[in-house]
Structure formats: C-alpha cells, structure tokens
Amino acid sequence: MGSSFFAFISRMKHIRRWGLMRNSCFENVQEHSHMAAVTAHALAVIRRDVYGIPCDPNEAAVLALYHDAPEILTGDLPTPVKYHDRHIISAYRQVEKTASEKLTDMLPAEIREAYRPLLFQNANEETLAVVRAADKLSAYIKCIEERKAGNSEFISAEKQTLEKLKAMKMPEVEYFLDKFIPAFELTLDELEPGTAHLQTAKGRNKPR
C-alpha cells in the first residue's frame, strides 16, 4: 500500500482559518502556509543580505510551509481558545506533537527522517523566530485585506497583530513592514498603473 502523507497534506485547503471571525474572503491553511513561506523566505533574505546575520532562506521557507501541518488532523483551534491559559497551551502542544508523529509515520521509512524536522519544527531558535514572525506577518496581511474589503471585524486583530510584530524587535520585520506592507493598502491600479484594464480585457476575450 502506498503512503497517504501527501494526500493528507493536500487537504490543508479544506481547513478554514479565523473560524470565529466573519470573513469577507475565507482563508484556508494551505493559502496561509504559502504566504507564510513566501514571507519567511523574504525575512531570511533581509536578515542575511541587509543586516549581515547568517540565515538560510530556503530552510525558513520550507519550515514555514509545514508549520501548520498538524492542523490537518487537529483543525485550526481559534486563538482565544488556544492561548486561553497555560493548561490549554500545554495540552494543545501535546495534541500537535501527536498529530506530527502520525503524519511522520505515514511516510516511507527511507525518507521519514528528512521530514521529521519540518513536521516537528526542529531548527535553531533564530530560524524558528523568522518562521514565527512570518506566521504573524501573514496574519497581519490577512487583517489588512479584510479591513480594505470593508470588514470591521478584523480591525482589533490587525492592531493587536501589529503590536506583536513590533514587540518582536526584529530588524528584518521592521524592514518588511516599512518596505512592503504599504503596498497592501493600494488598489490594483495603484500597484501597477496600466495593468488593471489588461486583466479586464483578458476576461472579456475569454472563450465561452
């Protein structure tokens, strides 16, 4: 019998995030993981190339891709519940550990150890800090997009997430906030003048 590992990984797209919030556009764990990976890679590049601090962008990106993999089995527990008190935090971490072990056991033995560090997020603390920051940045971007869509439900979450990002006191995070976040406030026309009409024309000319 073959391995069901990647069939389970594919099901990340069926797990919705922000379950207690009214969403203008639902986000699933697969979408979040992709954005977290892109952002982790960027933070690691900034850390290495702008600030001269050793960091492996590829490792950070792959760790971020898998950082929520246990949620395939556990689901996405809402943040107010997950972090309600230390007992729940401890219990949930044990649940995540069990889920990671189950996913690891789905892999063929000959490649299992290559995936274990990803599923258990085993890396040096500096790289894990980059991944955690990327996770928060992805959430912050989601909040901005919801606010821009006219959804006031995310205003408080946006403020709190920004405060947490700044409290990290990571220069690469400040760099990303300064250089890249302002563009998320723009419309498509403002992002790249002259491209919006091309997208519209392409849609009109699409074969029926």
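**Helix contacts and aromatic pairs**

Modeller: Thr 39, Ala 42, Leu 43, Ile 46 and Arg 47 of α2 are in contact (heavy atoms within 4.5 Å) with Glu 172, Val 173, Tyr 175 and Phe 176 of α10. By class, that contact of α2 with α10 has six nonpolar, one polar and two charged residues. Nonpolar covers Ala, Val, Leu, Ile, Met, Phe, Trp, Tyr, Cys and Pro; charged covers Asp, Glu, Lys and Arg; the others, Gly among them, are polar.

Colleague: What are we looking at, and how is it numbered?

Modeller: This is a predicted model: local features need pLDDT of at least 70, side-chain atom pairs count only at pLDDT 80 or more, and totals for chains, interfaces and linings use all residues. Residues are numbered from 1 along each chain as its sequence is written, and side-chain values use heavy atoms, with hydrogens and water left out.

Colleague: At what angle do the axes of α2 and α10 cross?

Modeller: Roughly 115°, and the axes of α2 (residues 29-49) and α10 (residues 171-179) come within 9 Å. That makes α2 roughly perpendicular to α10. Angles under 35 degrees count as roughly parallel, over 145 as roughly antiparallel, 65 to 115 as roughly perpendicular and the rest as oblique. Axes are lines fitted to C-alpha atoms, for helices over the stretch in contact, and angles run from 0 to 180 degrees between N-to-C directions.

Colleague: Is the crossing of α2 and α10 right-handed or left-handed?

Modeller: The crossing of α2 and α10 is right-handed. Right-handed means the near helix is turned clockwise from the far one by less than a right angle; anticlockwise is left-handed.

Colleague: How does α3 pack on α8?

Modeller: At an angle of about 55°, with the axes of α3 and α8 (residues 125-148) 9 Å apart. That makes α3 oblique to α8. Glu 59, Ala 60, Leu 63 and Ala 64 of α3 meet Thr 127, Val 130 and Val 131 of α8. The contact of α3 with α8 has five nonpolar residues, one polar and one charged.

Colleague: Switching topic. How many helices and strands in the chain?

Modeller: Twelve helices and zero strands. Both are DSSP runs, numbered from the N terminus: helices are H or I with at least four residues, strands are E with at least two.

Colleague: And how many aromatic pairs?

Modeller: A search of the whole structure finds seven. The rings of Phe 5 and Phe 6 have centres 4.8 Å apart and planes at 85°, so that pair is edge-to-face. Rings of Phe, Tyr and Trp (its six-membered ring) pair if their centres lie within 6.5 Å; planes under 30 degrees apart count as stacked, over 60 as edge-to-face and the rest as tilted.

Colleague: Is Phe 5 buried or exposed?

Modeller: Phe 5 is buried, at 0% relative accessible area. Phe 6 is partly exposed, at 45%. Buried means under 20%, exposed over 50%, partly exposed in between (1.4 Å probe, protein chains only).

Colleague: What about Tyr 66 and Tyr 115?

Modeller: Tyr 66 and Tyr 115 form an edge-to-face pair, 6.1 Å centre to centre with 70° between the planes. The pair links distant parts of the chain: Tyr 66 is in α3 (residues 57-66) and Tyr 115 in α7 (residues 109-119), 49 residues apart. Both tyrosines, Tyr 66 and Tyr 115, are buried. Ring pairs link Phe 5, Phe 6, Tyr 66 and Tyr 115 into a cluster.

Colleague: Which residues other than glycine have a positive phi?

Modeller: Among them, Trp 18, with phi near 55°, and Lys 169, at about 50°. Trp 18 is buried, at 16%. Lys 169 counts as exposed, at 70%.
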